[in-house]
Amino acid sequence: MGGASPCASCKLLRRRCAKDCIFAPYFPSDDPHKFAIVHKVFGASNVSKMLQEIPVQQRADAVSSLVYEANARVRDPVYGCVGAISFLQNQVSQLQMQLAVAQAEILCIQMQQDPAATGPTHLQLDQHQQLDVNHHHQYLNFAASGGNGGVMIQDPLKREYLWT
């Protein structure tokens, strides 16, 4: 930067901001918190070394990643970004399960409303297989309760909570 105002890193480190300051393009003086948090987590020397090893065209993305990781580390010192990623992956899994349950419920309702679906063109189930299908339907209903402390017994068209 050299002239007007030193970059956020040089301001925080209380040094003169040189024209070729590696931090200046990525840590402007009007956003001091951005460098402060990165410095707190990674240290200025380490950030400087990382930026020097990365091609210039990739440095802005690297700084964005460092800022994101530093913020995640401050919020969750043990897991950082991994904790956030795990939380989001868990949410995706739960939503996929809910979607599968909803699709199974729709299929059950459609089968009950369409008497032609039980015609000779479809697979006929014996009594043992029919019980097995009912068992799986009850499992899906239990999974649909969402584990919120209540157990849901579900008729395809009626829902009841036994405990809440």
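**Entry 1: helix H2**

I began with helix H2, residues 32-42, in this predicted model. I looked up which of its residues are buried and found Phe35, Ile37 and Val38. Viewed down the axis of H2, the buried residues fall within an arc of 165°, so they line one face of the helix. I noted the background: an α-helix has 3.6 residues a turn, so residues three or four places apart point the same way.

I then turned to the other side of H2, where His33 and Lys40 are exposed. For the buried side, I listed what covers it: the cover includes helix H1 (8-13), helix H3 (44-53) and helix H4 (56-75). I also checked what follows H2 and found Gly43, with a positive phi near 90°.

**Entry 2: Val38**

I looked up the contacts of Val38, leaving aside neighbours within four places in sequence, and found Phe27, Gly43, Val47, Leu66, Val67 and Ala70.

**Entry 3: the nonpolar core**

Which residues of the largest nonpolar core touch the most other members? Of its 20 residues, I recorded Cys7, Cys21, Phe23, Phe27, Val38 and Leu51. The elements that give two or more residues to this core are H1, H2, H3 and H4. H4 gives the most, with four residues.

**Entry 4: aromatic rings**

Phe23, Phe27 and Phe35 form one aromatic cluster. Two of these names were already in my notes on the core, where Phe23 and Phe27 are listed with the residues that touch the most other members. Phe35 was in my notes as a buried residue of H2.

**Entry 5: Ser48**

I checked Ser48, which lies in helix H3. Is Ser48 buried or exposed? Its relative accessible area is 16%, and the limit for buried is under 20%, so Ser48 counts as buried. Not counting residues up to four places away in sequence, Ser48 touches Ile22 and Phe23. Phe23 also belongs to the aromatic cluster above.

**Entry 6: cysteines**

I searched for disulfides and found zero. Cys21 is buried, with a relative accessible area of 11%. I looked up Cys81 as well, and Cys81 is buried at 12%.

**Entry 7: Arg14**

I looked at backbone angles and stopped at Arg14, whose phi is near 55°, a positive value in a residue other than glycine. Arg14 is found in the loop between H1 and H2. Its relative accessibility is 76%, so I put Arg14 down as exposed.

**Entry 8: the whole chain**

The chain has six helices and two strands. From the N terminus on, the elements run α-α-α-α-α-α-β-β. Of its 164 residues, 24% are buried. The accessible surface comes to about 11,900 Å², and 58% of it belongs to carbon and sulfur atoms. I also took the contacts between residues at least 6 apart in sequence; 40% of them join residues at least 24 apart.

Key: Residues numbered from 1 in each chain as written. Predicted model: local features only at pLDDT ≥ 70, side-chain atom pairs only at ≥ 80, totals over all residues. Heavy atoms only, no water. Buried < 20%, exposed > 50% of the residue type's maximum accessible area, 1.4 Å probe, protein only. Arc of directions from axis to C-beta. Contact = heavy atoms within 4.5 Å. Core = buried A, V, L, I, M, F, W, Y, C linked by side-chain atoms within 4.5 Å. Areas by Shrake-Rupley, 256 points an atom, 1.4 Å probe, with all protein chains shown as cover. Phe/Tyr/Trp six-rings, centres within 6.5 Å; stacked < 30°, edge-to-face > 60°. Disulfide = S-S within 2.5 Å.
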